[in-house]
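This briefing is intended for reading alongside the sequence and the three-dimensional structure. Please keep both in view while working through the points.

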Amino acid sequence: LVASAQTVVSLSAARKAGPGASVTVRGTVVNGAELGPIRFVQDKEAGLAAFSTKLPEFAELTTGDSVQISGTLKNYNGLLE
């Protein structure tokens with residue numbers, strides 16, 4: 001097992017990396033439970049959808065929360081998340 005730190009990139013850079021890229025981003029949550037399990041995160045440059053059914057605390061994120069998220073980007077029905 002090899003542990004490595006993922007470098008935090010801007011949401012704009014993450015979007016440019018595209019589906020299949022593993023990224024770590026920081027941003028502010030701009031919605032709550034009104035969109036179900038999807039949270040939109042944005043920084044000064046861009047936004048990105050985030051989705052998780054494996055982390056119970058993810059569903060507790062609300063507007064204004066500051067988060068750091070790591071994961072693999074996927075294209076779901078035309079939405080990069």
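The structure is a predicted model. Its protein chain contains one helix and seven strands, and 31% of its 81 residues count as buried. The largest pocket has a volume of about 540 Å³, and the largest nonpolar core comprises 15 residues.

**Overall fold**

- Read from the N terminus, the elements of the protein chain follow the order β-α-β-β-β-β-β-β.
- The radius of gyration of the protein chain is 12 Å, which agrees with the value near 12 Å that a compact globule of 81 residues would have.
- Along the principal axes, the C-alpha atoms of the protein chain occupy a box of roughly 35 × 30 × 25 Å.
- Among contacts between residues at least 6 apart in sequence, 52% link residues at least 24 apart.

**Nonpolar core**

- In soluble globular proteins, nonpolar side chains tend to be buried together.
- Within the largest nonpolar core of this model, the residues that touch the most other members are Leu-11, Val-23, Val-41 and Leu-73.
- Helix α1 (11-17) and strands β2 and β4 are the elements that each give two or more residues to this core.
- The largest share of the core comes from β2, which provides three residues.
- Beyond its neighbours within four places in sequence, Val-23 is in contact with Gln-6, Val-9 and Ala-14, and also with Ile-69, Ser-70, Gly-71 and Leu-73.

**Largest pocket**

- The largest pocket is lined by 21 residues, of which Phe-51, Ile-69, Ser-70, Gly-71 and Thr-72 are the closest to its centre.
- Two or more lining residues come from each of β2 (22-29), β4 (47-51) and β5 (66-72).
- The element that gives the most to this lining is β5, with five residues.
- Sorted by class, the lining consists of 12 nonpolar, six polar and three charged residues.

**Ser-12 in the helix**

- Ser-12 is located in helix α1.
- Ser-12 counts as buried because its relative accessibility is 19%, and the cut-off for buried is under 20%.
- When residues up to four places away in sequence are set aside, Ser-12 touches Glu-45 and Ala-46.

**Asn-77 in a loop**

- Asn-77 belongs to the loop between β6 (75-76) and β7 (79-80).
- The phi angle of Asn-77 is near 50°, a positive value in a residue other than glycine.
- Most residues other than glycine have a negative phi.
- Asn-77 counts as exposed because its relative accessibility is 72%, and exposed requires over 50%.

- Glu-81 is placed in the segment after β7.
- With a relative accessibility of 18%, Glu-81 counts as buried.
- Not counting residues up to four places away in sequence, Glu-81 touches Ala-49, Phe-51, Thr-72, Leu-73, Lys-74 and Tyr-76.
- Glu-81 and Leu-35 lie 46 residues apart along the chain, and their C-alpha atoms are separated by 14 Å.

Definitions and conventions:
Residues are numbered from 1 along each chain as its sequence is written. This is a predicted model: local features need pLDDT of at least 70, side-chain atom pairs count only at pLDDT 80 or more; totals for chains, interfaces and linings use all residues. Side-chain values use heavy atoms; hydrogens and water are left out. On a 1 Å grid over the protein atoms alone, a cavity is a set of points where a 1.4 Å probe fits but cannot get out, and a pocket is an open set with protein on both sides within 12 Å along at least five of seven lines; lining residues have an atom within 4 Å of a point. Grid points are joined across faces, edges and corners, and a volume is the space filled by probe spheres set on the points. Helices (H or I, at least four residues) and strands (E, at least two) are DSSP runs, numbered from the N terminus. Ala, Val, Leu, Ile, Met, Phe, Trp, Tyr, Cys and Pro count as nonpolar, Asp, Glu, Lys and Arg as charged, and the others, Gly among them, as polar. A nonpolar core is a set of buried Ala, Val, Leu, Ile, Met, Phe, Trp, Tyr and Cys residues joined through side-chain atoms within 4.5 Å. Buried means under 20% relative accessible area, exposed over 50%, partly exposed in between (1.4 Å probe, protein chains only). Contact means heavy atoms within 4.5 Å. The radius of gyration is taken over C-alpha atoms; the globule rule is 2.2 Å times the number of residues to the power 0.38.
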